[in-house]
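Subject: Handover of a structure and notes on what was found

Dear colleague,

I am passing the structure below to you for your records. Please look through it first; my notes follow.

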Amino acid sequence: MVAKEVIEYAKQNNARMVDFKFMDFPGTWQHFSVPIEQLSIDTFETGVGFDGSSIRGWQPIQASDMLVVPDPTTAVMDPFTEVPTLSLICNIHDPITKEPYTRDPRNIAIKAATYLKNTGIADTAYFGPEAEFFIFDDVRFYQEAHTGFFIVDSVEGQWNSGREENPNLGYKPRHKEGYFPVAPTDSLHNLRTEMVLELQNIGIGVEAQHHEVATAGQAEIDMKYAHLVKMGDHLTWFKYIIKNVAHRHGKTVTFMPKPVFGDNGSGMHCHMSLWKGDKPLFSGDRYAGLSETALYFVGGILRHARAICALSNPTTNSYKRLVPGFEAPVKLAYSSRNRSAAVRIPMYSSNPKTKRVEFRTPDPSCNGYLAFSTMLMAGIDGIENRIDPGEPLDRDIYSLSPQELAEVPSAPASLSESLDALEADHSFLLKGDVFTEDVIHTWLEYKRERELKEINVRPVPYEYLLYYDI
C-alpha cells in the first residue's frame, strides 16, 4: 500500500487509533499510539516526534528528539487491541538532517539489502528462520542483594509426573522426547494452531507448526521465507503474536535460548538463499547441489561466524544452549543433512528454487534485523573474496575423537568471547555503510556494561551448592 491507500484501509476497518511500532537497539518492539485523526498522508513524509533518549542504546538526553516515519507497506490491523487499531512499522530519522538513523535496526537491514543489489551479486536475499520457544504456565524470578531465584512451570513438564493435579493424567513429554508425539502428550496443538491463524490473518505465511524436542511446552512455528527487511518485520510480528495468543489463554512464552536445565534449548535455524531476477543463485553442480556462489557464501559465514554470534546469539543465556549434546551446532563446519554442523544443506528436494543453506547456530533472542544483516554481509564477503569453506564434514561431529574435534573451529563459548570476536572482526560489516563504527561500538559497550558486567557481579544459586561449605 501507499499512503493514500493506508488512509482508505483504516477507514474501511473503522480504525480509531494508529499504533506506531519500531525496534529498539537490543531487539524489543516499542510503540505508541495516536488517534486516527492524527494520521494524514503527510505523516508518511514528516513523521512523528518522540524521545530517543528513553530508548535503550540510542540518543543522549541533550539530543533526544527523534522521528518515527511510518512505512505504508506495513499497514495491518492489530489483532489484539480492544479498539480497532491500525498498526504501522516505522523507520527512525534524525529530525534535523531528516536522514535515517544509523542505530535504527530496520534501517541497517534496509541498507544491507540495498548493498547486496549494489554489488551486482544478487537482487534479493531470502531468509526463512525457524524460531523455537517455550510455552509455560507460570514463571517467577527475583534478584536482590540477599536472594535470587527463578522458577518456571508447565503442565507438560516431566518433573510434574508425580504432582497432585486432581487428577494427574500423565502424558508429559520426557526430556528430549517432545519431537513430536500426538495429543494428548502434545497438549498445545490447538494453541499453536491459533497462533498460526493469527499470523496468517496479518499476511505472514506459515509452513508448519509442531512440538519441539524439549519437555515443558517447547514449540516451533516456521514462517514462509521472505526478503531480508520483510522477514525482519515478520519476526517482530511473530514474537508479538505468539506472546499475545499465549497470554490470551493464561500462558506465557519465552524466546530465551535456554530457560530449562538439562533439555534442548531454543534455536532459530536460518535458511538463506540469493536470487537474481528469477534465477536462484545457490543451485549448481558442486557439493550437495550447491553452486560455487553458494559455497563461497558458506565460506563467508564460517569465516565470520564467531563475530556473527555477537548479534545472532546476543545474550549470556545464548551460550548455555551452545554446548555439545543438545543438537546445538557449536562446531563451525558445513554438511548436507548433518544437524550437528553449524551450516547444513537441506536435501529435501532437488528443485533448484528450493536450494538454500541453513545456519543453525543463531537463536531467537536476537534482533532479527541485525542478525539477518550480519549473516548477509558475511556471505557477501565470502562471495567477493572467494572464501573456500574447506571440505564438508559429513560425520556425526559429536562422535569425533578429541584429536579430530580439535581441528574443527568452534562457536564462542560465551557472550564475552563473541563480543571480542566482533570487536576484532567487523570490517566486513562496514561495507556500504551498512553498519557503522558507532553502531559496533555502541553494541559492544551496551552488551558489556548493561549485561555482562551486571551478570558477572551477581552470585547464582548453583554457586551456593558448590561453595557454601568451603
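Is Phe-133 buried or exposed? Phe-133 is buried, with a relative accessible area of 0%. Please bear in mind throughout that this is a predicted model.

Aromatic rings and charges

Phe-133 belongs to strand E7 (residues 124-136), while Phe-255 sits in the loop between strand E13 (252-254) and strand E14 (268-276), so the pair ties together parts that are 122 residues apart in sequence. Phe-255 is buried as well, with a relative accessible area of 6%.

Elsewhere, ring pairs join Phe-22, Phe-50, Trp-58 and Tyr-101 into a cluster. Lys-21 also deserves mention, as its charged end sits over the ring of Trp-29, 5.6 Å from the centre of that ring. Lys-21 lies over the face of Tyr-240 too, at 5.3 Å from the ring centre.

Helix packing around H9

In one of them, the axis of H9 comes within 8 Å of the axis of helix H3 (residues 105-119), and the two cross at roughly 20 degrees. H3 and H9 are therefore roughly parallel to each other, and H3 passes H9 in a left-handed crossing. On the H3 side the contact is made by Pro-105, Arg-106, Ile-108, Ala-109, Ala-112, Tyr-115, Leu-116 and Thr-119, and on the H9 side by Tyr-369, Leu-370, Ser-373, Leu-376, Met-377, Ile-380 and Glu-384.

The other crossing pairs H9 with helix H6 (residues 292-303). Here the axes come within 6 Å and cross at roughly 120 degrees, which makes H6 oblique to H9. The crossing of H6 and H9 is right-handed. From H6, the residues Thr-293, Tyr-296, Phe-297, Gly-300 and Ile-301 meet Met-375, Leu-376, Ala-378, Gly-379, Ile-380, Gly-382 and Ile-383 of H9.

Backbone points

Most residues other than glycine have a negative phi, and most peptide bonds are trans. The following places are worth noting against that background.

- Asn-166 and Pro-167 are joined by a cis peptide bond, with omega about 5 degrees. Pro-167 is in the loop between strand E9 (147-153) and helix H4 (189-201).
- Ala-183 and Pro-184 are likewise joined by a cis peptide bond, with omega about 10 degrees. Pro-184 also lies in the loop between E9 and H4.
- Lys-98 is not a glycine, yet its phi is positive, near 70 degrees. Lys-98 is placed in the loop between strand E6 (85-93) and H3.
- Asp-433, again not a glycine, has a positive phi of about 60 degrees. Asp-433 is found in the loop between helix H11 (415-424) and helix H12 (437-456), and at 46% relative accessibility it counts as partly exposed.

Further residues

What surrounds His-210? Leaving aside residues up to four places away in sequence, His-210 touches Tyr-179, Phe-180, Arg-192, Ala-219, Glu-220 and Asp-222. His-210 lies in strand E10 (residues 206-211) and counts as buried, at 11% relative accessibility.

Leu-169, by contrast, is exposed, with a relative accessible area of 61%. Leu-169 is found in the loop between E9 and H4, the loop that also holds Pro-167 and Pro-184. The C-alpha atoms of Leu-169 and Asn-13 are separated by 45 Å, the two residues being 156 residues apart along the chain.

Gly-250 is in the loop between helix H5 (228-248) and E13, and at 56% relative accessibility it counts as exposed. Between the C-alpha atoms of Gly-250 and Gln-200, which are 50 residues apart along the chain, the separation is 22 Å.

With kind regards

Notes: Residues are numbered from 1 along each chain as its sequence is written. This is a predicted model: local features need pLDDT of at least 70, side-chain atom pairs count only at pLDDT 80 or more; totals for chains, interfaces and linings use all residues. Side-chain values use heavy atoms; hydrogens and water are left out. Helices (H or I, at least four residues) and strands (E, at least two) are DSSP runs, numbered from the N terminus. Buried means under 20% relative accessible area, exposed over 50%, partly exposed in between (1.4 Å probe, protein chains only). Rings of Phe, Tyr and Trp (its six-membered ring) pair if their centres lie within 6.5 Å; planes under 30 degrees apart count as stacked, over 60 as edge-to-face and the rest as tilted. A charge sits over a ring if NZ of Lys or CZ of Arg is within 6 Å of the ring centre and within 35 degrees of the ring normal. Axes are lines fitted to C-alpha atoms, for helices over the stretch in contact, and angles run from 0 to 180 degrees between N-to-C directions. Angles under 35 degrees count as roughly parallel, over 145 as roughly antiparallel, 65 to 115 as roughly perpendicular and the rest as oblique. A crossing is left-handed if the near helix is turned anticlockwise from the far one by less than a right angle, and right-handed if clockwise. Contact means heavy atoms within 4.5 Å.
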